[in-house]
Amino acid sequence: MERFGIRFSFLLIWLVLPLLTAQAASSVEERAAALKKQVVDLNRELFELEEELLYPANSQVVVFLAINSKRGFQLDSVELKLNGRLATTYLYSDREISALNRGGVQRLYMGNLGAGSHRIEAVFNGRGANDRYYRQQVTYDFEKQHTAKFVELVVQDSRDANLPDFVIREFK
Amino acid sequence: MISHMNPGAYVLRILVGGLTGMLLLSTVAQADNSRADYLLYKETLYHLYNNDHFKALNLLESSHTGATHIANKYHNLNHLLAIQSSLHLGMYQQAEEILEHLNFTNREPTIREISRMYRGKLSYQQGRWQEAVDTLRKLGPEIPDEYRDETYYYLAMALMHQGQLQQAAPVLARMGKESLWTAYGYYNLAMEYAAIDTDPSRALVALRVAAAMTNTSPEGLALSDQIHLSAGQLALREGDYGKAMTFLQRVRVKGEASPEAIYAYGLAYKGLGQYRAAVQMWHRAKKYALVIPGVAESFQAVAYGFERENLRTSALESYVEAVSVYDKELAYLDKLIGELQQKGALEALLEGHSEQQTDWFLMGDVITNTPKAGLVGSLMADEVFYRRAKTVLELRELQKSLDEGADKLKIFQGMVQGQRQRAERSNATRSLREKAAALNKLVAERNALVSEIESAEKDQDYFRLAPPKMLAQKRRLEDLKGELVRLQQQGQAGSDTATKLEELELLEGALLWQAMSDFDANRQNARRAVAALDEQIRLYKEGLKRFNDRLKGASESRGSVGRIESLRARTTALSRQLQQLVKEENQVLAALAVERLQEHRARIQEHRRQSQVALVNLLDDIAVRQVNRVARSTSERGERL
């Protein structure tokens with residue numbers, strides 16, 4: 001009756017490293033590991049091919065999103081327009097927001113643009129530290145040459161305690 | 001066999017926090033950071049934090065021999081992330097390769113020490129305890145603080161696995177005071193003590209230390225529950241019911257340890273002879289899935305408590321209820337075992353489980369209240385089952401990603417083939433060689449014209465650049481002059497021939513004069529004609545280049561098509577291998593699940609038997625008492641009569 005033992009939290013285990021039994025890898029695990037490696041390699045090649053075919057280096061434009069703010073702004077979603085046309089919208093999950101808050105950078109959009117002048121507009125929707133819902137739009141004009149262009153949308157601290165700054169900048 | 005708890009859920013947070021911290025503190029970092037590696041690092045972090053290790057590995061450059069790591073701190077950090085993801089996915093060979101690569105190329109002491117820590121962890125994960133101990137013991141002071149506790153944790157655990165508890169304890173004592181690594185370490189040490197000591201005091205002390213190290217994060221709270229449950233169970237084992245209650249009270253009602261704690265709390269009341277309170281407590285455990293330890297026992301215990309309180313009707317009802325619940329569970333288990341044998345573990349348990357639609361307001365209790373979810377949770381708590389299930393699910397995910405890749409490749413193939421066909425259709429109208437010959441002819445004509453102009457300028461040949469009309473006039477004058485001279489020589493000419501010849505010479509002179517005066521204009525016209533020709537040639541050349549590019553594009557398309565075909569072939573072959581492995585493992589997993597469910601079934605069967613026996617005994621007892629009472633009252637009436 002007095003069962004003594006340890007019950008692992010199912011959810012906890014799901015996130016845990018596969019070392020629970022700490023036993024030598026079985027042949028199945030070795031086979032699985034070899035297959036995983038092959039799939040990773042294959043996916044990497046596919047990723048490269050996709051970039052070459054769909055987003056050639058001379059027309060490629062990539063938009064990243066980062067959060068560098070410790071204020072209580074809770075990003076909810078982002079809308080991105082390129083030259084007035086809707087490029088993408090993204091609704092964030094709690095885990096994704098957590099990943100961004102901890103320093104991760106999201107590849108929000110990848111597409112193609114010709115050389116010349118362009119305009120990027122981003123609309124940030126979210127809840128401020130004062131629990132008010134905000135919708136902030138930022139616009140940025142940039143010149144693109146015949147090379148890939150990397151742009152970053154950043155949510156960063158500002159003087160306003162409730163609302164951070166929303167910035168668009170280029171990776172030089 | 002003692003299981004150890006691992007602070008894995010927060011490993012990633014600490015790890016990446018450590019990497020980031022190290023990034024800021026690194027003393028060896030070179031100034032020139034590669035933007036590409038920086039972006040790669042940040043983007044990989046995003047995937048890592050989202051627990052998407054495959055995507056992280058796809059992004060990362062995991063095996064290379066380039067020199068881009070020189071003066072580039074993010075490069076090595078990316079390697080560390082790749083090692084972390086590889087270890088997470090059980091890709092030990094790949095982790096080993098990257099570690100070797102770092103060992104060969106890295107010159108930074110901090111990276112070297114972190115690599116050493118990962119090497120120790122790799123040995124640990126592969127069950128090579130002594131190797132893990134030897135590696136982790138060598139760690140130098142350059143290891144960043146963020147990694148210190150993790151290092152000591154694995155060192156202590158490797159020592160524990162070797163049964164060297166006396167050496168493990170001092171290692172744990174060197175760990176940070178407010179760290180979940182420390183809490184997990186002490187918890188596992190307590191479990192080791194509990195397994196070998198008859199007196200639980202040493203284990204209880206270790207559990208107290210572990211409890212003091214937990215925090216208010218979800219992982220910390222879950223661990224705290226587990227620590228207090230274990231402490232309560234230890235105290236119960238010793239018959240110290242008051243202490244047991246003190247520990248068990250600290251287990252959160254909403255936590256996963258709650259059913260076991262409730263049952264144990266009831267046992268503590270029972271120990272104190274407070275059966276009514278015990279029954280109340282066990283009643284609360286009845287809502288959970290029967291597979292959770294203590295729940296099936298609670299049904300019997302409630303009846304037992306009523307019996308001890310001499311509440312026989314309630315006891316009877318409770319035994320009947322227990323038998324009915326056990327019957328229901330047995331029927332469900334038989335159905336599930338049949339499904340497992342027929343469909344395999346993936347469909348019957350794992351994927352079917354995730355596809356079950358549950359209303360959001362039930363999600364909080366789904367693990368504990370839903371029989372299937374409870375069973376899956378219980379199976380997953382079995383280390384062997386968990387490892388295999390994790391592998392199968394990962395392989396299944398890989399298969400899905402391969403299917404997505406195959407779909408993309410199909411689209412790319414259509415796209416590239418379309419491009420090639422367009423290029424080839426254009427090619428059919430005229431061959432590149434014909435077009436090049438035409439261009440060469442045009443260029444030759446242009447060059448001839450230029451040399452004509454230059455020669456005319458040099459020779460002052462005014463007529464060479466004259467317009468065609470003037471040249472025609474000149475030819476006409478020459479023809480007339482020649483005709484007159486011929487007639488004169490034949491003696492057929494008239495008397496006015498000489499006059500006419502003079503007039504013709506005058507006209508020739510006038511024409512020459514005209515040509516002379518127009519020479520500059522004619523020259524400019526000729527130059528303009530050359531310029532126009534040059535423009536034509538330029539356009540022709542551009543067209544030819546485009547045509548050539550298109551042909552080249554067609555050739556590249558042919559290359560892309562080849563590449564796509566090769567990728568498709570590899571995808572198909574890999575998918576087939578994955579399918580085979582998933583099929584094999586699915587069967588093994590199903591057999592394992594059936595075995596575990598049969599064990600659970602046997603337990604429930606035993607509970608049912610005990611309840612039935614108790615029920616029969618109780619009914620028998622009631623009947624005997626009833627008979628005795630009737631007999632007594634009959635005898636009393638007889639005596640009175």
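Domain bounds here come from an automatic or database domain assignment. The model is a predicted one, in which local features need pLDDT of at least 70 and side-chain atom pairs count only at pLDDT 80 or more, while totals for chains, interfaces and linings use all residues. Residues are numbered from 1 along each chain as its sequence is written, and chains are lettered from A and ligands numbered from 1 in the order in which they are written.

**Exercise 1.** Find the domains of chain A and state what distance separates their centres.

Solution. Begin with the assignment, which places domain 1 of chain A at 23–54 and domain 2 at 60–171. Then take the centres of these two domains over C-alpha atoms, which gives a separation of 32 Å.

**Exercise 2.** Describe how many helices and strands chain A has and in what pattern they follow one another.

Solution. Helices (DSSP runs of H or I, at least four residues) and strands (runs of E, at least two) are numbered from the N terminus. Counted in this way, chain A has three helices and eight strands, and along the sequence they follow the pattern α-α-β-β-β-α-β-β-β-β-β.

**Exercise 3.** Work out the order of the strands in the four-stranded open sheet of chain A, and say which are the edge strands.

Solution. Two strands pair if DSSP finds at least two bridges between them. The order in chain A is 3-2-5-6, with antiparallel pairing. Strand 3 and strand 6 (133–144) are the edge strands, since each pairs on one side only. From one strand to the next, the twist averages 20°.

Next, look at the individual pairs. Strand 2 (residues 74–82) and strand 3 (residues 85–91) of chain A run antiparallel and are joined by six bridges, and A:Lys81 has A:Leu86 of strand 3 as its bridge partner. These two strands of chain A form a hairpin with two residues between them, and A:Asn83 in the turn has a positive phi of about 50°. Strand 5 (residues 116–127) of chain A is joined to strand 6 by twelve bridges, again antiparallel, with A:Ser117 facing A:Glu143 of strand 6 as bridge partner.

**Exercise 4.** Decide whether B:Leu155 is buried or exposed, and list which residues it touches.

Solution. A residue is buried if 20 or more other C-beta atoms, placed from the backbone, lie within 10 Å of its own, exposed if 12 or fewer do, and partly exposed in between. B:Leu155, in helix 8 (residues 145–161) of chain B, has 26 C-beta neighbours inside 10 Å and therefore counts as buried. Leaving out residues up to four places away in sequence, B:Leu155 touches B:Val133, B:Leu136, B:Arg137 and B:Val171, where a contact requires C-beta atoms, placed from the backbone, within 7 Å.

Definitions and conventions
Axes are lines fitted to C-alpha atoms, for helices over the stretch in contact, and angles run from 0 to 180 degrees between N-to-C directions. Two residues are in contact if their C-beta atoms, placed from the backbone, lie within 7 Å.
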